[in-house]
Amino acid sequence: MNGSLSSLRSEAVGAMRTMLVSAESLQLTLKPELSQEEQALTHTSSKAKETHKARNEDLKEMLESNKESLKLEAMKRIVGLISKGKNASELFPAVVKNVASKNIELKKLVYVYLVRYAEEQQDLALLSISTFQRALKDPNQFIRASALRVLSSIRVPIIVPIMMLAIKEAASDLSPYVRKTSAHAIQKLFSLDPDQKEQLIEVIEKLLKDKSTLVAGSVVVAFEEVCPDRIDLIHKNFRKLCNLLVDVEEWGQVVIINMLTRYARTQFTSPWREDAMFDENNEKAFYDSDSEEKKGQADVKTYIMDPDHRLLLRNTKPLLQSRNTAVVMAVAQLYWHLAPKHEVSIVTKSLVRLLRSHREVQYVVLQNIATMSIQRKGMFEPYMKSFYVRSTDSTHIKTLKLEILTNLANEANISTILREFQTYVKSQDKAFAAATIQAIGRCATNISEVTDTCLNGLVLLLSNRDESVVAESVVVIKKLLQTQPNQHSDIISHMAKLFDNITVPMARASILWLMGEYCERVPKIAPDVLRKMAKTFTVEEDIVKLQTVNLAAKLFLTNSKQTKLLTQYILNLGKYDQNYDIRDRTRFIRQLIVPSEKSSTLNKYARRILLASKPAPVLESAFKDRDRFQLGTLSHSLNIKTSGYQELSEWPAVAPDPSVRNVEVIEPVKEWAPSVGKAKQSKSEDKFYSDDEEKEENASDSSSSDDSDSSSSSSEESGSESEEESNEESEKTSSDSGKSSSESETEPKNNSKKATRKKKPADSDSDESDSKASSSSAESSSSSVSDSDDDSEPPAPQKKSNVKARPKVEVKSKKEVSLLDLDDFSPAPMNAPKPSVFSPSLLSDLEGLSLSNVSSAMQVTTPSFGPMKTFELLHHMTGKGLSAKYHFPRQPCLYQPSMVSVQVILTNGSDHTLEEIHVGDRSPASLHIHCFNTIERLEPRASVTVSMGIDFSDSTQAANFQLCTKEDQFSVSIQPAVGELLMPSTMTEADFCKEQKKLLGMNETSATITMTTANTSSQTINKQVLSVANVGVAPSSQNNFHRFAGRTVSSGALVLVSLELKESSSALLTINTEKSIMASMLLQDLKQALTEA
Amino acid sequence: MIHSLFLINASGDIFLEKHWKSVVSRSVCDYFFEAQERATEPENVPPVIPTPHHYLISVLRHRIYFVAVIQSEVPPLFVIEFLHRVVDTFQDYFGVCTEAAIKDNVVVVYELLEEMLDNGFPLATESNILKELIKPPTILRTMVNTITGSTNVGEQLPTGQLSVVPWRRTGVKYTNNEAYFDVVEEIDAIIDKSGSTITAEIQGVIDACVKLTGMPDLTLSFMNPRLLDDVSFHPCVRFKRWEAERILSFIPPDGNFRLLSYHVSSQNLVAIPVYVKHNITFREGSSQGRFDLTLGPKQTMGKAVESVLVSSQLPRGVLNANLNPSQGAYTFDPVTKLLTWDVGKINPQKLPNLKGTMNLQAGASKPDENPTINIQFKIQQMAISGLKVNRLDMYGEKYKPFKGIKYMTKAGKFQVRTYQHFLMVQTSM
């Protein structure tokens, strides 16, 4: 009562609020006309009242007329009113008179009305009760059922005893349809009067024993609603429910599966233990005999799955093929929560299939997959491409897919994922683009190999035109830099330059924080930024102001000479700010940093307080702790505990007695059936499932089921439990015999029924073993797949399963350790080479992240996939410990489009620290080189990768320059291969031919080469050509023709390579370009590569 | 379970409400409207919305929101699936599921909803059972009803609910016994800017229209059942038989139903039946962009590609497009920036082409985004996966039915990502 009152109140509040809002909008926008809703409101309140009344009058007249059709017409109009939410309650007396009408449609519409208004007109509603009471005794089962349905839907407390009685009677009705209705009525009565709980539980207990598939679903719903904690009621029915499951209607399946999941978690031990033994043998033991089963359990100490546990898993598995998405999800969560780890992956395919369904289904399924993919990447990794985002997906679907892709990222697939992300950043949906940037950030922290690559990509995004993209990049870069600030002072200064153009508060605040945190790395820039901020302080957003105060404080501590006055000025501004947070912060900072007599103790520590090294933030999934909720539930979807949510318990350490599930009732039946049941069996056989009925099938089913009712009624006069049991039993046996003669549609049911029974008819045994064999083989194959999955995973998550919370912390802390390592900047020798392996291709993956900056290289399309050749730049013997290697990463140069980018790996092979490594004099002097920033320190045995840009002006002339350390200078030279002076370009076949025609004569160089036949496949040719030259593959319609297109980096001249395969493994290699010298050199190189290969 | 249902149209009016338990005020929908306001697109309204005392689970179909009010824990998919089933039923009954159709048939709608749920738990959702309970309205029947005063509500009781084959109504009689099966496959693909396939998969369904007298027992077998990687069945299909023999054995419902949906195993390479050549460029400083798009067939096994429809969301900066289609007609909506080109059939000799210029907002910088091209097409008489039905047999009845199988391939979510070529002078950093 209280609850409903408060809910009413809150809704009233909600209504008020929206009223206010709409009133406000009316005032503000001077909306010219009232919305329909408002019109309706005003209508009912004013003149419409009379017309309304008049209409109702004529409805009343119609209802009171003698003509059936008029009454029907009136009722239809009343239903129309109800459907629009209009009040028609004053017609109650006129309507209720027709409750006993003969016309079925009229009667049904009266029922609709009654159910809607009975609560408001309780006294009048009582008039109709006697009609229903009479109908409850009707010989027709459907009339009984519908009477009970309406009676129980009338929410009038006075009739509770009548309802109770009706429910009890209906629960032992002969018709399963009526029993089903009584199960529904239980919940209605419970919600009307919770005091009836105990009596209702009795009815539930009785109905749970029911063997009809029709009842099973409904009674479990009632169980869940009324007494979900009475697990003990389920024991005896567990096996029956498992076996009936396939034949229960789909909605009932969902409820039963969810309930059984909860049940199993209280009754079975965890199958997730390391020493678990997944032997199908134990299953056999179960079917052999009871005694053996017990023995088996006693003997083997390792984990053996309870046969009932296995039964549940086995019987739910076929439901993965259901067309009902809710059923599939229910089975998936059951497997997730109950199955041994290696069996869970069988649900993957089905879940991925659900993604084809409606948008709303996708949403819920993706949420669940997101949670699952955090714990078990391996499950969904093979289906990664199913999570690729399509432009037509709605935003929340896109974000969820992004989340899953991020969860699935690992060292092996990161390059594919980043390439995919790169297209998302350019999405028209800016919210999604921003989410992608965050995802890139997460990948960067999770996979240390790509941190640099991602960071570079994000820096490129800083020059994006879209502000939200820039803002998001800043925020993410900030987080990334915190993990390894030492190497990135150039990024910080770059961001400082951008500062003026960024207006998004969060981004501004992030830059300010970075400035403050690393002010010692950008000693010249930081005070200048502070100066600018002092000017604009008053007009900034609060969050920016706070960070300005912070920046001022930090600068004051590190560089008080330059910033003392500025700081004081800002603190004064902050002191009088409107926002109390800012005033508070200002006051606090002033006490902390400005030396005075009182605050001397605190003052001493100011530096340590403000400039303490802060742990890097951990970017983690939003779905990280969703796993506290059972999958597939509303609570999981919303990530809040919803009312009525039943907690999934932890596995018990010791399994409760499994014998509680043994059904003793079968025992008496066993003894009883052969002797007495014989005659009955034959009798019922004709009546229920006689062979000829099976064959004819067209004999109406209703008659057969009616028959069954009448027959059982005759035999069940006494109404005893055992009698009912026997009936069921005979039905079963009869259907068994029926089955052997014809493949009937009840086959699955029969089979499954047989499985539980301890009796073993000779024929069923063979059946059983067959199905078992097939299932076991299926399982073993699935296990082998998942085994390999498990291998790829680190061992930590495996342990995680047992104790949920703790190991997660372990994982996290591990990660942090590695991040801190980077933070401390002691680049371990093993750390450096790795990026060099990964980064080239990855950088090219991210190359497109920027839209404007490297735009002239935009035609670069195909990722170069030749082997990366590394060249020696400086040997460590000549370099006094310093060694350098370089390679061409084949990515467009960040610095200038006419430059070829070169990556140099510097390694300190000596035993002392090298300082100030930088590029010195160069020759020829006109040579344009974009040098790497001076490397302050390089620890012994550490190495670092830097990138340079060199403008070779389309010649292969070596670039000579000096590599200097603090003490020494070494002359080095980089000699580019001609193929590296190109960049790939996309071209359609037609364009290619067109361009080629323009470059004939002088501009054409060709040679005939001989190739081994093994190498004439297009793949090897592509590989060979791409390894030599940085060109793109152009499409070709002929099989014997291969085309490649590129441009020279400096002048952008086209270079077209075509290879025509001829008979007897000879081929014509043609190069068309204006740069004839390059052409001949390239021809040489290609010739060599292609013939050698 | 489901407490109440509200139907809300595109302009935000609640035009139908139905309560299965005590009445929930329609003001609860205000939370939904709030969420709707926050979402930029109709599709972006979250399907599950928490409110202080209720939870709203909604489904958007045919521009109508079906909002279910829930009071306590229930699997969200349960409700979503049910709501979709409601929409399917309406569509089945009225042909279309529009606001007008629902308002015109409000009594039937109410009767249906009453039968479909009891106390918020689904009771009868099989269309065969429902049709026995409530006859679908037809013009003829409405006429007869008004004259004779008979009703739409079946006098007969839903016998199907009690039978072992609840999906099939009893006493079916036809003079012409026929069974038609449509094998429809959809290709979902993402093609990248250079024309290579990023991801492609085939999903298929077998839709059946079975009009057979009595209780026929059908078996359908495939030439190559191994192609089917993942399947989901109508409840009528016997799962054991499929597991053991890869044969579909079932007693069909009467009328139209979806027998099977399947996914073709991903190992098989997917043949992409069309290719797209595109060149969509914008120049910095110029207020014009170039648009050039050509479609062509490939790997169609000689079958014609029909009903081709190209649509693309152009960047926001585009004001107008002056294009010239070589065939078909195009439209450009300057508000939503949606370009659609109804191509029709692709003639391999003369490839359809759409070419012209796009006008950009004067002074605006060139757009950042790269439009995606969505393509729809149909290919008759071919299942692109190569799936073939071997034979269809009927048992249990004596007559000879007429059997027909049709194949079709369609584009599902078929998208081509484009890439912009910027011609712009590099300014140093």
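Q: How do you know that strand E16 (residues 305-313) of chain B and strand E21 (residues 372-380) of chain B pair?
A: In this predicted model, E16(B) and E21(B) are joined by 6 bridges in the antiparallel sense. Two strands count as paired when at least two bridges link them, so E16(B) and E21(B) meet the condition. One of the positions involved is Ser311(B), whose bridge partner in E21(B) is Asn374(B).

Q: What makes E16(B) and strand E19 (residues 338-344) of chain B a pair?
A: Between E16(B) and E19(B) there are 6 bridges, and the sense is antiparallel. With a requirement of at least two bridges, E16(B) and E19(B) therefore count as paired. Within E19(B), Trp341(B) stands opposite Val310(B).

Q: Why are strand E2 (14-19) and strand E3 (48-50) of chain B said to stand at the edges?
A: The open sheet in question has 5 strands of chain B, in the order E2-E1-E5-E4-E3, with antiparallel pairing. E2(B) and E3(B) each have a single partner strand, so one side of each has no neighbour in the sheet. On average, neighbouring strands of this sheet are turned by 20° against each other, direction ignored.

Q: How do you know that strand E1 (residues 2-8) of chain B pairs with E2(B)?
A: E1(B) is joined to E2(B) by 5 bridges, and the two run antiparallel. The condition is at least two bridges, so E1(B) and E2(B) are a pair. Ile8(B) has Ile14(B) of E2(B) opposite. A helix also belongs to this picture: H2 (residues 76-94) of chain B lies across E1, E3, E4 (55-61) and E5 (64-70), at about 40° to E4(B).

Q: What makes strand E12 (247-250) and strand E22 (389-395) of chain B edge strands?
A: E12(B) and E22(B) each pair on one side only. Their open sheet holds 3 strands in the order E12-E10-E22 of chain B, and the pairing is antiparallel. From one strand to the next, the twist averages 15°.

Q: How do you know that strand E10 (residues 217-222) of chain B pairs with E12(B)?
A: E10(B) and E12(B) share 4 bridges in the antiparallel sense. At least two are needed, so the strands pair. Thr219(B) has Ser249(B) as its bridge partner in E12(B).

Q: Why is H25(A) called roughly antiparallel to H26(A)?
A: The axes of H25 (residues 430-446) and H26 (residues 451-461) of chain A cross at roughly 155° and come within 8 Å. Angles over 145 degrees count as roughly antiparallel, which is why the term applies to H25(A) and H26(A). The crossing of H25(A) with H26(A) is left-handed. Ile437(A), Ile440(A) and Ala444(A) of H25(A) meet Thr451(A), Cys454(A), Leu458(A) and Leu461(A) of H26(A). By class, these contact residues are 6 nonpolar, 1 polar and no charged.

Q: What makes H31(A) roughly parallel to H33(A)?
A: H31 (residues 542-558) and H33 (residues 580-593) of chain A pack at an angle of about 5°, their axes 10 Å apart. The limit for roughly parallel is under 35 degrees, and H31(A) and H33(A) therefore qualify. Residues of the contact include Leu546(A) and Val549(A) of H31(A) and Ile582(A) and Ile589(A) of H33(A). The contact divides into 8 nonpolar, 2 polar and 4 charged residues.

Q: Why should some predicted coordinates not be read in detail?
A: This caution applies where pLDDT is low, because coordinates there should not be read in detail. In chain A, pLDDT stays under 50 over residues 275-300 and over residues 665-866. Confidence in chain A is lowest in H44 (residues 805-824), at a mean of 38, and highest in H19 (residues 325-338), at 93. In chain B, pLDDT stays under 50 over residues 420-429.

Q: What are the mean pLDDT of chain A and the average pLDDT of chain B?
A: Chain A has a mean of 73, with 72% of its residues at 70 or more. Chain B averages 84, and 88% of its residues score at least 70. The model scores ipTM 0.91 and pTM 0.67.

Terms used:
Residues numbered from 1 in each chain as written. Chains lettered and ligands numbered in written order. Predicted model: local features only at pLDDT ≥ 70, side-chain atom pairs only at ≥ 80, totals over all residues. Heavy atoms only, no water. Axes fitted to C-alpha atoms, helices over the stretch in contact; angles between N-to-C directions. Contact = heavy atoms within 4.5 Å. Parallel < 35°, antiparallel > 145°, perpendicular 65-115°, else oblique. Nonpolar A, V, L, I, M, F, W, Y, C, P; charged D, E, K, R; others polar. Left-handed = near helix turned anticlockwise from the far one by under 90°. pLDDT = per-residue confidence, 0-100.
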